[in-house]
Structure formats: structure tokens, C-alpha cells
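My entries follow in the order in which I made them.

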Amino acid sequence: MWLLLTILLPLVGFALLGLFGKRMKEPLPGVIASLLVLASLLLGVGLLLSGGARFEAEWLPGIPFSLLLDNLSGFMLLIVTGVGFLIHVYAIGYMAGDAGYSRFFAYFNFFIAMMLTLVLADSYPVMFIGWEGVGLASFLLIGFWYKNVQYADSARKAFIVNRIGDLGFMLGMAILWALYGTLSISELKEALEGPLKNPSLLALAGLLLFLGAVGKSAQVPLMVWLPDAMAGPTPVSALIHAATMVTAGVYLIARSSFLYANLPDVSYIIAVIGLITAFYGALSAFGQNDIKKIVAYSTISQLGYMFLAAGVGAYWVALFHVFTHAFFKALLFLASGSVIHALGGEQDVRRMGGLWKHLPLTRWHGLIGALALGGLPLLSGFWSKDAILAATLTYPFGGLGFYLGALLVAVLTAMYAMRWFVLVFLGEERGHHHPHEAPPVMLWPNHLLALGSVLAGYVALPYPLPNPLEAFLKPTLAEVEAHHLSLGAEWGLIALSGAVALLGLWLGYTFFQRKAFPAWYLTFEAWSRESFFVDRVYNALIVNPLKALAEALFYGDGSLLRGYLGLGGAVRSLGQGMARLQTGYLRVYALLFVLGALALLGVMRW
Amino acid sequence: MTLLVLSLFSVALTLLGFFVSVPLFKRFTILGLSLALLSLLLTWGKPFALGPYHVDGISQVFTLLALLGALWTVGLVRSGRFEFYLLVLYATLGMHLLASTQNLILMLVALEALSLPLYALATWRRGEGLEAALKYFLLGALAAAFFLYGTALHYGATGNLLAGTPGEGPLYALALGLLLVGLGFKVALAPFHFWTPDVYQGSPTPVVLFMATGVKAAAFAALLRVAAPGVPDALALLVAFSVLLGNLAALGQKEAKRLLAYSSIAHAGYMALALYTGNATALGFYLLTYVLATGLAFAVLSEVSPDRVPLERLKGLFHRDPLLGLGLFVASLSLLGLPPLAGFWGKYLVFTEAAKAGQWGLLVLALITSAVSAYYYLALGLAVFQKGAAEAHPRPLARGVALGVALLLILLGLIPGAVLPALAAG
Amino acid sequence: MVILAILLPILFGLLLLLGLPRALGVLGAGLSFLLNLYLFLTHPGGTAHPVTLPLLPGVGVYWAFGLDGLSALFFLTIGLTVFLGALVAQVEGRFLGLALLMSGLLLGLFAARDLLVFYLFFEATLIPALLMLFFYGGEGRVRALYTFLLFTLAGSLPMLAAVLAAKALGGSPSFLLEDLLAHPVKGGAALWVFLGFALAFAIKTPLFPLHAWLPPFHQENHPSGLADALGTLYKVGVFAFFRFAIPLAPEGFSELQGLLLFLAAISALYGAWVAFSAKDFKTLLAYAGVSHMGVAALGTFSGTPEGALGGLYLLAASGVYTGGLFLLAGRLYERLHTLEIGRFRGLSAPAPALSALALFLFLAMVGLPGLSGFPGELMTLLGAYKQSPWLTAMAFLSVIAGAAYALTAFQKVFWEEGTQKTEDLKGAEWPFAALAVAALVLMGVFPGFFVKGLKPLAEAFAKILGGGA
């Protein structure tokens with residue numbers, strides 16, 4: 001029951017603010033919303049400390065509404081409510097004065113409730129409730145400023161693209177149901193311990209569930225919605241499209257690790273998709289001019305990392321990266337938000353620059369965030385990224401290739417992280433603004449996030465240093481056999497990746513302070529700016545043909561009706577033909593009469 | 001009893017007609033028909049025989065229907081000449097006789113006895129009516145010839161003149177076929193229906209009502225007797241022709257009476273389905289609902305105009321006179337056979353008979369064509385609600401009857417069980 | 001009790017037709033809703049309140065009614081939807097009277113325990129539906145009316161043959177459901193009997209390509225949406241398949257199952273796809289209805305207990321949300337005198353509560369978990385997949401298409417920059433909104449409570465088809 005309360009608290013906040021928020025004065029709605037999330041956080045911590053919790057209620061025949069708080073979901077709960085709380089607080093300042101102030105916090109609370117449902121679910125349908133719920137919250141928040149057509153379009157696009165993944169999720173559930181007759185995660189876990197029934201079908205189920213994750217976590221090929229999702233207010237981008245919701249896909253894989261550990265082929269696909277996405281995101285980040293879109297593409301790329309880790313079987317590492325990423329990416333977004341706030345809504349990095357001297361606190365947030373993203377040794381991003389790199393190398397199927405790829409992405413990441421920082425904070429002022437530092441209510445969350453970005457990596461240090469996180473999560477995750485690296489090799493790799501990160505950071509730092517760029521870079525930048533034309537290709541090959549077909553079918557349906565009416569008309573004219581026999585001439589009548597009589601007698605059985 | 005009453009009144013009124021005023025004469029006619037009805041009801045369920053005259057269940061049920069039709073016709077008509085009423089009375093006598101005998105010769109006599117007054121009635125309006133009546137008469141003669149020939153062959157095949165005698169051989173089959181043609185003409189089964197549209201359109205509406213109700217009832221009674229030992233399979237042809245032609249040809253009609261003429265052909269087809277098992281109760285109930293519904297329709301039409309009634313002229317009837325409008329609407333739906341109106345149960349009962357006889361093909365054909373019929377029945381029924389300037393000068397009684405019959409159609413639809421046992425007991 | 005529940009709205013309907021004021025109709029609808037709610041809440045399981053009175057003695061026709069879990073659920077949703085309509089649809093008293101009359105007939109249809117009585121109500125419901133369209137419809141109503149009428153009758157009249165055959169060929173002593181179930185039609189005739197039923201019910205579902213009557217029906221009905229809401233409730237095809245057609249001739253069904261599943265899947269996808277191109281609200285909802293009914297039919301045709309349960313629950317839920325959306329469209333029409341989607345813009349700003357209500361309804365329609373559309377959709381998916389994975393996958397592509405048409409319409413109407421001044425919810429629209437949202441949420445959050453009466457029926461259904469639970 002207490003467990004349910006963690007979900008209900010923010011849900012109550014949603015109802016309360018949705019119904020009465022309009023009558024509350026700022027900042028009351030924000031305060032209420034933040035406090036409820038905090039209460040959820042405290043409750044969750046309490047429950048976790050008391051050894052987890054379970055909740056089950058009747059829902060549908062054979063499908064109870066079951067929640068489970070174990071270490072894995074508890075870990076996610078902490079991220080969601082913890083980071084969520086900070087971003088709520090930040091939003092009190094960021095959204096101040098907006099006409100939809102209370103509406104914003106209602107949606108925000110709704111999101112937290114749904115995210116908690118997703119995380120705490122002990123059955124796939126319940127997870128799906130949260131899954132779709134966060135999708136809805138994302139839709140509503142991306143389209144928060146709905147008067148802008150582009151924003152509204154983005155919101156819709158996000159929802160529809162996500163639905164593609166959701167269909168995969170649903171079909172995956174259908175297969176599991178058909179195979180095992182249950183969708184409870186705990187029960188499926190037990191059922192999968194024995195020999196597998198129908199492994200190829202199970203693999204399909206795994207693949208379909210992964211399709212759901214691909215949609216939600218913006219992996220290739222369904223990544224197109226996330227950059228557009230930046231249309232929402234910045235706290236939304238930080239909370240939903242960086243720290244929490246988009247990592248739900250990773251969580252799904254980790255939650256289902258008992259399944260994927262049995263499906264090496266599917267896991268391989270996951271790893272490949274993850275790597276491709278990591279590349280794609282990193283390459284696309286270079287060309288972006290919107291301060292938030294750079295961060296958005298970096299999110300795509302980092303999510304790719306997480307899937308790479310999950311694909312090679314290092315589930316806890318994936319979650320580790322979720323954890324550190326939540327801090328530094330939220331920080332980057334909120335710092336971006338502070339910048340935007342400072343510039344009165346300006347988002348184009350070409351009109352920024354030189355903010356270093358204007359924003360004495362935010363500049364540090366930005367720097368720490370960028371460095372953590374870039375993997376500067378000893379910051380949180382470094383530890384988790386390194387753990388991923390190490391994990392790929394132990395992967396028995398082409399581990400080296402994955403490793404080298406991931407390493408390359410690490411260089412790119414460090415470079416574009418610096419590009420972001422350089423363009424925003426360094427150089428000369430290119431805009432005509434009068435920047436002002438953010439209020440304390442926005443700064444304090446960033447302070448805490450910055451602290452997290454520095455320190456979050458220390459929960460899981462490489463062997464032989466203490467690694468409490470792995471120990472904490474291991475019981476809830478499946479084991480995949482992998483060979484272990486020797487101590488020397490491991491630390492050698494750490495040194496290598498540290499050096500690579502430093503190289504990347506330095507390259508980025510110097511390269512993007514240049515006045516002129518080489519031609520090859522400009523060409524690349526042009527492609528990158530358009531995200532390699534994926535959107536256009538999709539529009540040309542999929543979206544527009546489908547729309548055109550919809551129009552065609554619509555008119556075709558009209559013809560169908562006309563066809564039926566034509567049939568009716570034919571019957572009618574047949575009738576008129578019959579009525580025409582009624583000529584009025586007696587001789588015709590008599591003739592037909594006699595003919596009829598003859599016909600009658602003719603068919604008699606003699 | 002009934003025969004006695006009818007004959008007595010026929011003779012007496014023939015003489016009386018020259019001495020009393022027409023309205024009074026009309027009342028006498030009504031009195032006679034009512035007394036006949038009363039006598040029928042008093043002896044309900046009690047068989048009676050006198051030579052070839054044979055009152056049994058079939059006779060009572062179908063005479064009842066014929067009497068209802070006759071009464072309604074007389075009540076409706078506004079004729080200034082007493083002959084009209086007299087002719088109705090003569091025809092009713094013929095109908096009663098036709099329904100009450102197994103003897104083929106007597107049937108033939110009764111057929112002529114009911115037909116000749118009707119020929120005369122059909123000419124009541126000169127001009128077009130005369131032409132239609134002439135066709136009716138000549139074709140009727142043809143049909144009578146068939147019937148007569150059938151009678152002769154029947155005698156040859158079985159050695160007696162009792163309809164319903166079982167027999168076999170080609171001669172017998174031929175006899176049955178010829179009898180079928182003769183009676184099929186009277187009930188307007190296709191392809192012997194050709195008189196119907198012309199006559200319905202050309203005759204005064206009350207006469208049409210009489211033809212559609214009384215004649216059908218009496219002729220079907222005879223058909224039941226003729227078909228008792230087994231239906232010639234050629235009947236299927238007639239049914240199929242009737243339901244197809246009746247319903248399809250009605251689709252394009254713009255004139256209400258002509259439309260109902262085709263409808264009556266289709267209904268004859270449906271009713272003929274009951275012949276397969278010879279279930280008089282089912283057929284009787286169908287005829288009852290048909291008499292009520294089609295009678296109501298013609299009654300409303302005759303209040304609009306005694307002549308032709310194009311559908312256009314019905315528009316706005318509901319606003320002009322809600323009771324008449326609703327009456328026509330209810331009648332149309334009942335003719336269509338939409339529950340909860342009585343017509344549905346009529347259809348249900350005869351279709352059940354067809355099902356019992358295993359005539360699934362005919363059954364489906366009948367049902368499909370009746371779906372088609374929805375088009376014209378609705379056109380008729382909904383016309384009254386449309387915007388328009390329909391004229392109607394109904395008598396108060398007519399409105400009362402319209403309301404009563406409409407309610408009866410609904411009531412019978414809800415509790416058909418109320419009258420079925422009575423029909424079965426007859 | 002059941003008889004009372006059926007007669008109550010009919011009585012009020014007749015009173016209204018005689019010219020009594022509209023307020024009385026709202027009262028009648030409210031009473032009917034409360035009575036149905038009471039019947040649902042106190043439903044003890046099994047077939048409650050059985051009534052059997054002779055209708056046609058001797059030939060085995062009885063006025064037989066009873067309330068099993070399925071009927072009780074539909075009683076609730078019908079009562080609710082009609083009450084919602086009575087609350088907000090600004091129509092004259094006689095119109096409401098026809099609606100109440102129709103709702104009573106629908107209740108009878110769902111409570112009938114005798115095949116012929118079911119048929120009676122099935123057909124009789126047509127009359128008020130036609131009259132509403134005829135008296136209160138738009139310009140092209142006559143054509144729409146004949147299309148609707150002829151489609152319906154082209155199915156339902158031949159069905160009468162199947163009705164007769166179900167008894168005659170099965171050897172049942174009466175048309176009572178129990179008797180018929182004990183004597184299903186067997187052998188070669190089963191196919192024909194089933195076909196007779198199937199045509200009628202496929203038209204009423206409606207399944208592609210027999211859905212063509214539906215768009216004009218909705219387009220031409222009164223813009224208040226009252227008639228459309230009732231029309232939505234009248235889409236009883238899936239229910240009828242479940243209760244009558246399939247159990248009475250299971251062998252016939254088995255032969256056609258593949259085809260029916262295919263048509264259902266096509267309908268689901270096709271409807272959603274076409275809805276995307278719809279230019280006005282009612283057309284959109286009409287095609288959306290085709291899509292939803294396709295999904296519901298898919299579940300039922302799967303012959304699995306989950307699928308049947310899901311399909312029926314979806315049917316019940318869609319009555320409320322689709323009906324609610326039609327009524328909502330009516331509210332918009334009253335404000336801005338158009339139903340064309342392109343003529344609205346940005347209504348969220350002037351009318352936030354209205355837009356919130358619309359969002360709830362739209363989301364329920366696209367099957368968002370937590371709202372009433374989802375449980376049925378999920379169970380359908382789980383059941384149908386077992387029977388036919390590929391068709392199920394195809395049908396559920398409508399999940400994507402559904403999001404596309406629903407959100408596109410929502411965005412066009414409520415989002416973006418608008419100049420229209422619109423009143424927000426007012427007067428009776430508040431209880432309407434509250435009740436509708438409450439229903440959507442309760443049916444979505446506590447589906448188990450609503451389907452508990454359905455479960456044994458769905459299992460019995462699957463058993464008839466040889467599928468275990």
C-alpha cells in the first residue's frame with residue numbers, strides 16, 4: 001500500500017493542480033508539486049531501506065496490477081524522484097510568469113507518477129501503463145506551448161513515433177502471454193529458468209520489446225522525435241528527454257535481463273543498434289546550432305552507449321551510465337535553460353558566446369556538465385563510460401570492434417561537448433542581449449546536480465576499488481558469461497580512455513575556437529546540421545506515401561459507397577424493366593399469362 | 001348461419017334498394033355484414049355442413065377476413081348509388097362460399113359470384129377504370145377457363161370433384177397446375193398478376209381495398225384446400241416470380257395505389273409460402289395483418305383522394321392530419337414487416353412454414369426481396385412526414401379507425417399470442 | 001426489474017413524443033442510468049432477474065429476459081451514454097424522446113434471452129434510429145437513410161432465415177437461448193446458418209467492406225451528436241456474434257473464422273487509416289468507429305477467452321467514449337456552427353476545460369492505458385495473437401494510425417494559434433464532463449471490476465469453440 005502511495009502522491013498533485021491550479025498563486029503550484037515529489041522520494045527511500053516492497057491488486061483476469069520495489073526499481077526510483085525533485089525546484093524559477101504555470105506542474109507531477117509506475121511495475125502491462133503515461137506526459141509537455149504550430153507538430157511526432165515502438169512492446173507482450181500465460185515479470189523470470197520453449201519465438205518477443213525500447217529511448221531508426229522534442233520548456237528536456245523517460249528503454253532491457261541473457265542474437269542486435277545510435281548522435285551533434293539540440297543529440301548518443309552496454313550483457317553498467325548521465329545531462333540542460341533564461345529566450349548558439357563573464361555560476365555548471373559528458377577523468381561520466389568500454393571488450397562476439405567504435409564515439413563526444421561549451425561561454429559575444437544570472441531557485445538545483453556530476457561515478461569504481469553499485473544491483477539482474485580482464489589490462493584501458501577523452505576535449509577546445517573551418521568540416525557540418533537527412537528521407541519514403549495512401553483510401557471509400565449505391569440503382573432499374581412489362585395492352589397480358597401458365601406446367605414434376 | 005344472413009340480406013336489399021334512401025341503404029348493408037360477422041363469431045369453432053357447403057376452420061377464418069374487408073369498404077365509400085353496396089354484398093357472399101366448400105364446381109360458381117360484382121365495381125369510375133375493368137374481366141375469363149379445365153381433369157384423374165383429393169399421375173398434376181393458375185390469378189400471383197396494377201390504379205380506392213383484402217382471403221382459402229394433399233412444385237416458380245417482380249417493380253413507382261398493387265403481388269408470394277404446409281393459422285394470421293395494414297393504407301389514401309394518389313400528394317399529410325399520417329406510416333412499416341408491428345409476426349409465421357417444408361431457397365429469396373421492399377415502403381411511409389401541402393378531409397370516424405387500426409397493428413405485434421389461438425380454433 | 005429497466009426509458013420516450021417537455025427526458029435518462037447502475041452494482045453473477053413470459057405459445061417464442069454479466073455491463077454503458085446525451089444535447093423534446101425510446105429498445109436487445117426476441121429488438125431499434133435521422137438529419141439525410149436502412153435490412157432480413165433455421169435444424173424446442181445452446185446446428189447446414197447471421201452482424205459491426213453505410217449515417221445525423229451516440233450504441237454486431245451467431249452454429253463459424261479474422265483486421269487498420277484523411281469530426285469518428293469495431297471483432301473472432309472478453313469490453317467502452325466524442329462534437333458545433341476540423345483552431349486557450357475533456361476522450365479512444373479503451377485492447381491483443389499472429393499484428397498497426405488521426409485532429413482543433421472566441425464548459429456540460437471522465441478513468445483503472453461478470457461467459461464461449469481457458 002505504501003508503495004502505491006509513492007505513485008499516488010504525484011498523481012494527487014496532478015489532479016489537484018489540474019483542477020484547482022488555476023486559482024493558486026505562483027509559486028504555490030510549483031511548491032506543492034515539488035514537495036509531493038520529495039515526499040515520494042522519501043517514501044521510496046524508506047521502503048527501500050526497509051528491504052523493498054510489493055503491491056498487488058486485481059486488475060484484469062490473469063493480469064494483476066503488481067508493483068515491486070527491489071534494488072533495481074529502487075535505484076531507478078531514486079534517480080526519477082531525486083533528479084525529478086531538483087528539476088521541479090528549478091522549474092519553479094524557470095517557469096515563473098508563464099501563463100500555464102500550474103498546468104506545467106500538473107503535467108510534471110503526472111509524469112513522475114507515470115515514470116514511477118513504469119519503474120515499479122512487476123508486470124509488463126503495468127509497465128506499459130507507465131510507458132504510455134510518460135509518453136503522454138512527454139506529448140503534453142513538448143506541446144506545452146501549443147500555440148506554436150511547430151511545437152505542436154513536434155509533440156505529435158514524438159507520440160506517434162513512440163507508438164511504433166509501443167506496438168512492438170504490445171506484440172512482445174502478446175508473444176510472452178501466448179508462450180507462458182503470464183505477463184508478471186517475476187513469474188516470467190522463474191519460467192525462463194528452465195529450458196526455453198520455442199526459442200526463436202522468444203527471440204522475436206525480445207526483439208519486439210526492444211523495439212519498444214528503441215522508440216522510447218530514441219535509438220536508430222526511431223530517433224527522429226527526440227531532437228524535435230526540444231520544443232518543450234527546458235526543464236522538460238532535462239527531466240523527460242534526458243534524465244528519466246528516455247532511459248526507460250534501457251531500464252526495460254535491464255528489467256528483462258533474464259530474457260535477454262537467454263537471447264544472444266537479440267542482444268547482439270541491441271549492441272549494434274546501440275553503437276550505431278551512439279555514432280549517429282555524436283556526429284549529428286556537431287552541426288546543431290540550437291543549444292538544446294546539441295544536448296539532445298548527445299543524449300541520443302549516450303543512450304546508444306547504454307544500449308551497447310546492455311547488449312553486451314553488462315546490465316549494471318548500463319544502469320550505472322543511466323545514473324551518471326542523469327546528473328550531467330540534467331545539468332547540461334538546466335545550464336542551457338539558465339543560459340536561455342539569461343538571454344531572454346535565445347537558443348541559437350551562433351548568437352551566444354562570451355557568457356563566461358556574465359554568468360558566474362552557470363558557467364561552472366556548463367563546464368562541469370560538458371566535461372562530465374566528455375569523459376574527463378575522475379568526473380562521473382568518465383567512470384561510467386569507461387565501465388562500458390571495458391564491458392565491450394569482454395564481449396565474446398566481436399568485442400574489440402565494439403570497443404574501438406565506442407572509443408571513437410568517446411573522442412567525438414568530448415569534441416562536441418567542448419564545441420557546445422566554447423560556442424556558448426567562450427569567444428566574443430555574438431548576440432545583443434543583456435544577460436543576467438538565474439535566480440537562486442534555479443541555481444541551487446544546478447549546484448546539487450553539478451555535485452552529482454562530479455561524484456556520481458564513485459558509486460562504482462573499477463576493481464579493486466569499491467564498487468557498491470554492482471553489488472547492489474547484481475541480485476536483480478541476470479548474469480551473462482564474459483571473460484574477465486586482468487587487472488593490468490583493465491587499468492591500462494582506463495588510462496587509454498582517459499587519454500582519449502583528454503585528447504578529444506583538447507581537440508574540441510582548440511578546434512572550435514578557430515575563426516575559419518576547413519572545407520571538409522563545413523561539408524560535414526552541413527550534413528550534420530540536417531542530421532544526415534533522416535527526417536527528410538522518412539518523410540519522403542514513409543510519412544508522405546502513407547498520408548497519400550490515406551487520402552487515396554478516403555476517396556476510395558467514397559467510391560465503395562457509390563458502388564453500393566450503383567448496385568441499388570441496378571436493382572431499381574431491373575424493377576423498372578419489370579414494371580415496363582405492364583404495357584397496358586391486353587394482348588400482351590394474355591400472352592404472358594398463357595406463357596406463364598405453360599412455364600408453370602412445364603416445370604411440374606410429371 | 002352466415003350464408004343465410006348474407007343471402008337473405010342480398011335478396012332483401014336488392015328489392016329494398018328501390019325504395020329507401022342511399023344512406024339508409026348503406027346502413028342496412030352494414031347491418032347485414034355485421035350480422036353475418038356476428039353469426040360467424042357465434043358459431044366460431046363449430047363446424048357445419050350442408051351438402052357441398054362446408055363451414056370449417058378455414059372457412060371461418062377466411063370469411064372473417066373477407067367480412068372485415070367488406071365492412072371497411074362499405075364504411076369508406078361515399079357513393080351516391082345503392083348498387084355499389086349491393087355489389088359488395090353479392091361479392092362477399094361469393095367469397096364466403098368460395099371459402100366454405102371443397103367442391104370444385106361450387107368453387108367455380110363462387111369464384112364467378114365474387115368476380116362479376118367486382119368487375120362491375122372496378123368500372124365504377126369511367127374512363128381509365130373502364131379499360132382496366134375490361135382487362136380484368138377478360139383475363140378473369142381466361143383464368144376461369146383454366147380453373148374449369150382443371151376441374152374437369154381433376155375429376156378425370158381422381159373420379160371426384162372434391163378439392164384436396166389425393167391422386168397421382170400426369171393428369172392429376174396437370175389438373176392441379178390448372179387450378180393453381182385459376183386461383184393464382186385471383187390472389188395476384190405473378191405471372192398472372194397483370195391486371196393488378198392497372199385495376200388498382202384505375203378503380204376507386206375502396207374497391208381496391210376490397211380486392212386486396214376480401215378477394216385474397218377467399219381465394220387463398222380455396223388455394224389451401226386445393227393444395228392440401230401436397231403442393232405442386234411449380235408453386236415455387238410462382239412464389240419466386242411474385243416476390244421478385246412485386247418488390248422490384250414497386251421500387252420505381254410514384255403513385256401510391258400502383259405501388260401498393262405491386263406490394264400486394266409480393267405479399268401474395270409470401271402468403272403462398274404457407275401453402276407448403278397448408279397451415280391455415282399462419283396464413284390466416286398473415287392475412288389478418290395484411291388486411292389491417294393494407295386496408296389502413298388504402299383507407300388513408302381514400303381520405304386523401306378517391307382517385308390516383310401520387311406520392312407527392314402525400315407529403316405533409318402528417319402535419320395536416322397527424323393521425324392519418326401516423327396511420328399510413330405504421331401501415332407501411334407493418335407491410336414491410338418490421339417489428340414490433342403485427343406484419344412481422346405474419347411474415348415470421350409463414351416463413352416458419354416454409355422452413356418447416358425445407359424451402360430454404362425460396363425463404364432466402366423472399367427475405368432478400370423483402371429487404372428491397374424497405375425502399376418503397378419507407379418512401380411511402382416517410383412521405384407523410386416530409387414538407388408538403390397534402391390535402392385531406394377526413395371524417396372523424398375515419399381518423400378514429402386509422403388510430404384504432406394502427407394501435408391494433410402495434411398491439412398485435414407485441415402480443416400476437418392473443419389472437420393466434422382463436423385463429424387456430426376456428 | 002429488467003423489464004422495468006427496459007420499459008422506463010421507453011415510457012419516458014413515448015411521453016416526450018407526445019410533447020412533454022425536454023426536462024422530463026433528462027429526468028427519465030437519469031433515472032434509467034441510476035436503475036441500470038443499480039442493476040450492475042448489485043449483479044450477483046450468473047443470469048440475474050430472469051423473466052420468461054409466453055409470446056407466441058406453441059412455437060416456442062417467449063418474452064425472455066435476463067441480466068448476465070455481459071448484459072449488465074451494457075446496461076450500464078447504455079444508461080450512462082444516453083444520460084450524457086440527455087444532459088448536453090440541446091435538442092427538442094421529441095428528439096430526446098426518440099433517443100430514449102431507442103435506448104430502451106437497445107436495453108431489450110442486450111437483455112433478450114430468446115433469439116426471436118433479440119431479433120425483434122434488433123429490428124425495432126431501427127425505427128427510432130431512422131426517425132431521428134429523418135426528422136433531424138442534414139441535407140443528404142434521405143440518401144443516408146436509405147443507405148442505412150437497406151444495408152441493415154439486407155443483412156437482418158435474410159438473418160431471419162438463419163433464426164428460423166437455428167431452431168429448426170438444431171432441433172431446439174424453443175427459441176430460448178438455453179435451448180438453442182443445447183442444440184447447436186451441426187453439419188453442412190451450420191455454415192449456411194452462420195452465414196445468415198454473419199452477414200447481418202458484419203453489417204452492424206460494421207466490418208469492411210460492409211461499413212459503407214456508417215459514414216453517411218453519421219455525417220447526416222443531427223449535429224448535436226445525440227443520434228450518433230445512440231447509433232454508436234446500436235453497433236451491436238460484435239455482441240451478437242458473441243451471444244448468438246457463433247455459439248448457435250460453432251461449426252459454421254469455424255469454417256469462416258479465417259475470413260472473419262481477416263476482415264476484422266482489415267477493418268481495424270483501414271478504418272484508422274482512412275480516418276486520418278477525414279475532414280470533419282463525424283467522418284473521423286465514423287471511421288475511427290470502424291477501426292475500433294474491427295479490433296473488438298478480432299478479439300471475439302479469435303475464440304479465445306481473453307480475446308472475447310477484450311473485444312466485448314472494448315465494445316462497451318467504445319460506446320461511452322465514441323458516444324462522448326460525438327456529443328462533444330455537438331458542443332463544438334453549437335459554439336462555432338461547424339464540424340469541419342479545419343475550421344477550428346486553438347480552442348485550448350479560450351476553453352481549457354473543454355479541451356481537457358476532449359483530450360480525455362481522444363486518449364481513451366486511442367487506447368491509452370489507464371483509460372477505458374486500453375484494457376479491452378490489451379486483452380484482445382493477447383487473445384487474438386494466440387489465434388492469428390500476423391493478422392493481429394496487422395490489426396494493431398491501427399494503434400499507430402489511431403494515434404496519428406486522433407492527435408492530428410486534436411492538435412488542429414485545440415492547439416496552434418487560434419482567433420476563435422469560444423465559451424468554456426458551462427452549465428450542464430460540467431456534470432457531463434465529470435461523469436464522462438469518471439467513467440473513462442474508472443473503466444480504465446478498475447477493469448477487473450467491470451469484467452468480472454464477463455469472464456465466465458468468455459470462458460464458456462471459448463469452450464464451445466473447443467479452446468480451453
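**Domain interface in chain B**

I looked first for charged pairs, and the rule (a side-chain nitrogen of Lys or Arg within 4 Å of a carboxyl oxygen of Asp or Glu) finds two salt bridges across the interface of domain 1 of chain B and domain 2 of chain B. I note that this is a predicted model, in which local features need pLDDT of at least 70 and side-chain atom pairs count only at pLDDT 80 or more, while totals for chains, interfaces and linings use all residues. Residues are numbered from 1 along each chain as its sequence is written, chains are lettered from A in the order in which they are written, and side-chain values use heavy atoms, without hydrogens and water.

I looked up the bounds, which come from an automatic or database domain assignment: domain 1 of chain B is 1-232 and domain 2 is 233-426. I also found a salt bridge between the side chains of B:Arg258 and B:Asp198, at 3.4 Å, N to O.

For contact (heavy atoms within 4.5 Å), I read 45 residues of domain 1 of chain B against 51 residues of domain 2 of chain B. B:Trp72, B:Gln201 and B:Thr205 supply 17% of the area that domain 1 of chain B buries against domain 2 of chain B, more than any other three residues; buried area is the accessible area (1.4 Å probe) that two parts lose on being put together, summed over both.

**Helix H17 of chain A**

I checked H17(A), residues 380-393, where helices are DSSP runs (H or I, at least four residues) numbered from the N terminus.

Conventions: Helices (H or I, at least four residues) and strands (E, at least two) are DSSP runs, numbered from the N terminus. The expected span of a helix is 1.5 Å times one less than its number of residues.
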